[in-house]
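I opened my notebook to look up charged side-chain pairs. My entries follow.

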Amino acid sequence: MFKRFDTDAIFQRLALLAVAAFLIVVLALPLGTLFEKSFRDRDGVWVGLANWVRYLETPSLVGSLWNTIWVSALATAIVVPLAFVYAYALTRTTMRWRGLFRAVGLVPILAPSLLPAISLIYLFGNQGFARWMLMGETVYGPIGIVIAQVFYCFPHAFLILATALSIADKRHYEAASVLGAGQTRIFLTVTLPGVKYGLVSAFFVVFTLVATDFGIPKVIGGRFNVLATDIYKQVVGQQNFEMGAVVGMVLLLPAMLAFAVDRWVAKRQVALLTARAVPYEPKPNAIRDRALFAFCALIAACILTLLGVAVWASFIQYWPWNTALTLRHYVFSNADASGWEAYWNSLQMSALVATFGTAAIGVGAWLVEKTKGAGILRGAVHLLAMIPLAVPGLVLGIAYIFFFNAPSNPLGFVYGTMAILVLNTIAHFYTVAHLTSLQALKQMDPEFESVSASLKVSVWRTAWRVTLPVASPAALDVWFYMFVNSMTTVSAVVFLYGPFTKLASVSIVNMDEAGFTASAAAMGVVVVLTSGFAKILHSLLAAYLAKRTQAWRAR
Amino acid sequence: MIDIFKRGLRPLAVAATAVAALFAAQAADAQQRTRITVYTALENDQLAPYKEAFERAHPDVEIAWVRDSTGTITARFLAERENPRADAIWGLALTSILMFEQQNLLAEYSPQGFAALKPSFRDAAAPITWHGMDAFAAAICYNSAVARQRNLPPIRTWADLLNPAFRGQIVMPNPASSGTGYLTVSAWLSIMGEAGGWDYMSKLHDNVAVYTHSGSAPCVQAARGEAAVGISFDMRAAREKTQGAPVDIVVPTDGVGWEMEASAIVRGTRNMAAAQKLMDFSASLAANQLYARYYNILAHPGATGAAQNYPAETEARLIRADFAAIAAMRERVLAEWTRRFDGKSAPR
């Protein structure tokens, strides 16, 4: 009997080591290679902190740092409450059209970030038909950045919060109400503490997403500087990788903070779904449901308007001088030589990223959460998993060149192939997928493992027979998340694609830069449709899985 | 048991043979045609005709493009310098190529017909590594529809942009992000002198609404009417006009900065012969006639520009440019520019 558990433990450690090794290769070593450059000059001579000193003396730094912080904080302060109410309405009420609202709430994640920026320019730009709404303010600057970021980050916060809110133990609510607690008190003492971990995750995910994104400020930021555009100036504008590495390291600070807070909160989070849990079933409440319906309808209308404007933009002959409609912008070879080929590459890459990413990240999260012992190793994997969120894609892309292209690297053969794009993209989107997996696993009572252990069932068998089926909806969510993000990712892969692996998302940016705005919007629409189709498949599969594996949730 | 194995293995064997045959076929194809990886910042729609023309002239060589904006391709090439992936560069800003030459990343080669090119389009100092193809110059995209609407005065010289009527109407590229931005700024410093140039930019700063991160963006924005005036370059301006935008292309009479598109072979390429063929073609009259469909100022004296809507007066207004000197002062100018103008909030 002891022997059995010993082999289990050995295998678990080996698996943990494998995941750690994977993260070190796709993340720590490339970033380390780049960051080491922040202590060298352009000729590779060690200069210690000279770059750092020079950077800290740059007068625009404080401005960029302050701009980054307040824009990110403002966008976060808008997005998280909106997403919370939206997710609450969808998971805790009996309101109508919940399925529809859920789908619409995810729409922004399907769209390349250039799409909302194009829409905002058509709406609020100097020729925009709704510019009166800004009352003389310009959309090029913090206003445009915040609106576009709110749109772009909404689904991220919504997904995390909906996962957190969807699991609740009915007995807690019954107990509270038997004890005479009112609605507000129940909300404050049962609901909120239950999703504390999700809320904290949502705050940090949105904050770091806004802080590290450069696509939106680049297009609509005007002369408003943020750290992410500073990196662009250093790396792409001046090919100064050393200074780019310095700014990149500064941007890691919020993630480090997030990691500390996350650990602190996680220690206080208890499993919600104990082995004896009874799933919560919302009861109808006419006033609440109607108010929340109105709220969700408003949010959904805003999202669909921004998307609709982009779709319309893709059909316009030549904005704003010739607004006749045409289909010619969908013939991409006019605007980009790689045309539709780029789209097929994107599709292939996204499918690979989603499939391998979900498996690797799921196993990693399970090892971190559900295995015993090797605390340092588990902590290390979790820390590594938190880093990608804070790494701007640009930094990750350049880091990959330095690491994988080094003549001495035995992994050099992946350079210029589809494989490096897949590895890079898995690493880039690791954090949110990891958090989602963790969230789902955290809510399962460790008692399952203890009981299995006392019944002499191996941990693998428990994982396969209990954990995986229970977590399968979350795994499906992760698959979908990885897929749609891979369809739209730009900033890292722009340095890594080879002659035959150009991606649709890169092509969108290229076409927009060359003035083919409508073609860029058109490719964006094709990407949205593709991801929308993936979403429909995802929903069908999720419904099937729910029937097959989640029946226990019903009483 | 053995039967099961056999039955299981047969399809595998068939598949393996098929795969082997496929590889063999590919290998045979590869033997006939050398594939070279070419880094470029050419416009997207130029890729297909350029590739086709070259491959027609040299059927034994095949071009595999990696194309992105000038800044991205330059950053990528420099980041790859320990282990270069490109065989050749066909169509990249000379400023970038000079950076590569300085870091000893280019192979020495003077293509056939090199001597026939205009002197300013030839690498003057040994070892000869690059040759020019065509040139583009700073230009102003002036949206006549917006100008009428807002009653803006016409523009002839750079000084005209200082008119208070243009407050908040001008968009220009940030020189710290964009090569076009830097060529414009360095030209002002050269035309107006160091002190005069900075003084000019300080006054212009009051009229600038946005400093963009791309050199094309100002003209695209002017073409869309997002700004009245976009400081950009002539090729982009001509293209927007051809697409139907109500833009006038202004080449200021007091002189404009310019940049050259050039080609070179990457040091250490394993396909030297094929890369040399590409260079020979790039310097040929035939290739220059191809460039002439998009640009008006060409390396080969025998080619005449035929690009649509191109301002004819540009070539006469180009300033004398010493590219090595412009590159040498880049870091200092950008630091000063950033100190003065970047990160300041937009004027109200």
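I start with a definition: buried means under 20% relative accessible area, exposed over 50%, and partly exposed in between (1.4 Å probe, protein chains only). This is a predicted model, where local features need pLDDT of at least 70, side-chain atom pairs count only at pLDDT 80 or more, and totals for chains, interfaces and linings use all residues. Residues are numbered from 1 along each chain as its sequence is written, chains are lettered from A and ligands numbered from 1 in the order in which they are written, and side-chain values use heavy atoms, without hydrogens and water.

I then looked up salt bridges (a side-chain nitrogen of Lys or Arg within 4 Å of a carboxyl oxygen of Asp or Glu).

I checked B:Glu336 next. It forms a salt bridge with B:Arg339, with the closest N and O atoms 3.1 Å apart. Both sit in helix H13 of chain B, three residues apart, so about one helical turn separates them. Helices are DSSP runs (H or I, at least four residues), and strands are too (E, at least two), numbered from the N terminus. B:Glu336 is partly exposed at 23%. B:Arg339 is partly exposed at 48%.

I noted one network: salt bridges with shared partners join A:Asp230, A:Lys233 and B:Asp342.

I turned to B:Glu194 and B:Arg332, whose side chains meet in a salt bridge at 3.0 Å, N to O. This pair links distant parts of the chain, 138 residues apart: B:Glu194 lies in helix H6 (residues 179-205) of chain B and B:Arg332 in helix H13 (residues 330-341) of chain B.
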